[in-house]
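Hello,

Here is the structure I said I would pass on. My notes on it follow below.

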Amino acid sequence: MKPWDTFLPVIARVTGRVLVGSEMCKNPEWFGLTIANTAGIMKSAMEIRAKYSSQWQWLAPWTYAGRKDLLNLRKRATHLLEPIYKDRITSRQADNQKHRDAVQWLIDNADGKPISPAQIVDAELFLYMAGIHSTSASIVSIVYDLIAHSKYIPDLVEEIKQVLTESPNWSKQSLAKLRKLDSFMKESQRLHPAGLVTVQRSTVVPYTFSDGLTLPANTFLSFPTYEFTHDPDTYPDPETFDGLRFYRMREDGDATKFHFATVSPDSTNFGAGFHACPGRFFVAHELKIILTELLLNYDLKFEVGTERPQDTFHDFTIIASRTANLLIREKHNV
Ligand code: HEM
């Protein structure tokens with residue numbers, strides 16, 4: 001299988017379970033549109049930057065050749081979501097019977113003001129854009145690392161079986177007990193993150209840091225996350241993949257820190273401060289659920305004669321290989 005082609009639709013569906021509910025998330029046209037929307041936005045942004053100099057970019061909404069594609073996509077997505085929206089507005093369920101998905105949260109949080117299906121679709125597509133390619137890139141890298149460092153697999157499977165024996169259905173509490181898997185995921189993200197920098201900000205007024213450094217207004221800045229996560233003072237032997245690095249840090253130090261979803265000055269792959277990724281706790285659960293299925297039920301390896309594919313770099317973005325081929329087979333006698 002090609003992992004990117006396999007995991008992107010899986011992640012779109014699993015993420016959609018929380019964003020649009022159990023029926024709509026499985027609709028192939030819907031989740032196809034959510035994937036195409038992100039791809040279309042990236043393509044349009046690149047083409048507009050290439051074709052228009054910065055002082056003429058304001059013309060793009062009227063003259064850019066691809067301007068209708070995304071509008072048509074949003075119209076179609078609104079058409080698909082409308083029946084769910086109408087049902088939610090008319091059924092007025094009691095709080096304990098309400099659907100637990102973002103469509104419902106958007107309706108409920110509109111503070112009594114009318115919110116249209118098109119506005120819900122815009123908010124949904126934004127969340128899909130923030131969530132599905134980033135999560136797919138993470139799982140692809142983690143799977144490459146599981147195969148490249150397969151010595152960890154027996155320990156991870158043992159941990160999963162142990163937790164499932166105590167509580168056979170996954171819950172937030174039982175997923176939190178998968179500490180070795182959490183550590184493995186974080187180590188994979190440390191060495192194969194989505195970008196070299198995060199926390200991209202700009203100053204609107206002059207700002208002075210606690211050490212006296214002052215930035216004038218209109219300064220763009222970002223954190224060198226890749227450097228933070230390769231600092232040997234924080235992460236000894238930083239170039240070596242150590243799947244249980246964060247597990248030991250939690251055992252030996254503070255058990256409440258060093259989780260996959262933790263953000264700290266040494267761990268900024270999910271950003272920092274007020275705007276740190278709000279989806280990171282969800283991602284931790286989502287990845288664990290998918291990875292436990294994979295680890296318990298499938299054997300994976302690289303195609304004969306190949307090894308862990310290298311990441312490629314584009315500006316500040318790091319891209320896990322989308323062309324590598326993996327061999328997968330169902331496990332027997334689990
Ligand atoms: C492994 C997957 C993901 C990675 C690596 C990731 C990473 C990030 C990063 C680096 C930021 C910028 C933080 C900052 O500037 O301080 C961010 C912001 C954001 N992320 Fe994620 N993200 C992931 C998944 C998700 C998911 C699944 C969702 C929602 C479904 C989501 C929703 C958002 C939103 C809404 C923001 C903007 C927050 C704000 O500006 O206040 N992300 N993410």
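A polar backbone atom of Ala272 lies 3.0 Å from an oxygen atom of the ligand. Please keep in mind that this is a predicted model.

In total, 20 residues surround the ligand, and the closest include Ser138 and Cys277. By type, the shell divides into 10 nonpolar residues, 9 polar and 1 charged. Helix 6 provides the largest share of this shell, 7 residues.

Where does the shell around the ligand draw its residues from, in terms of domains? At least three come from each of domain 1 (1-148) and domain 2 (151-302).

On the two domains themselves: their centres, taken over C-alpha atoms, are 25 Å apart. Each domain puts 18 residues into the contact. About 1,700 Å² is buried between domain 1 and domain 2, and carbon and sulfur atoms account for 82% of that area. The interface has 0 salt bridges by the rule used, and 2 residue pairs are in polar contact across it.

On the side of domain 1 that touches domain 2, helix 1 (3-19) and helix 6 (117-148) each supply at least two residues. Helix 6 gives the largest share here, with 11 residues. This side of domain 1 is made up of 13 nonpolar, 4 polar and 1 charged residues.

Regards

Terms used
Residues numbered from 1 in each chain as written. Predicted model: local features only at pLDDT ≥ 70, side-chain atom pairs only at ≥ 80, totals over all residues. Heavy atoms only, no water. Domains from an automatic or database assignment. Contact = heavy atoms within 4.5 Å. Buried area = accessible area lost by both parts, 1.4 Å probe. Salt bridge = Lys/Arg side-chain N within 4 Å of Asp/Glu carboxyl O. Polar contact = N/O pair within 3.5 Å; in protein donor to acceptor, adjacent residues only side chain to side chain. Helix = DSSP H or I, 4+ residues; strand = E, 2+ residues; numbered from the N terminus. Nonpolar A, V, L, I, M, F, W, Y, C, P; charged D, E, K, R; others polar. Near = heavy atom within 4 Å.
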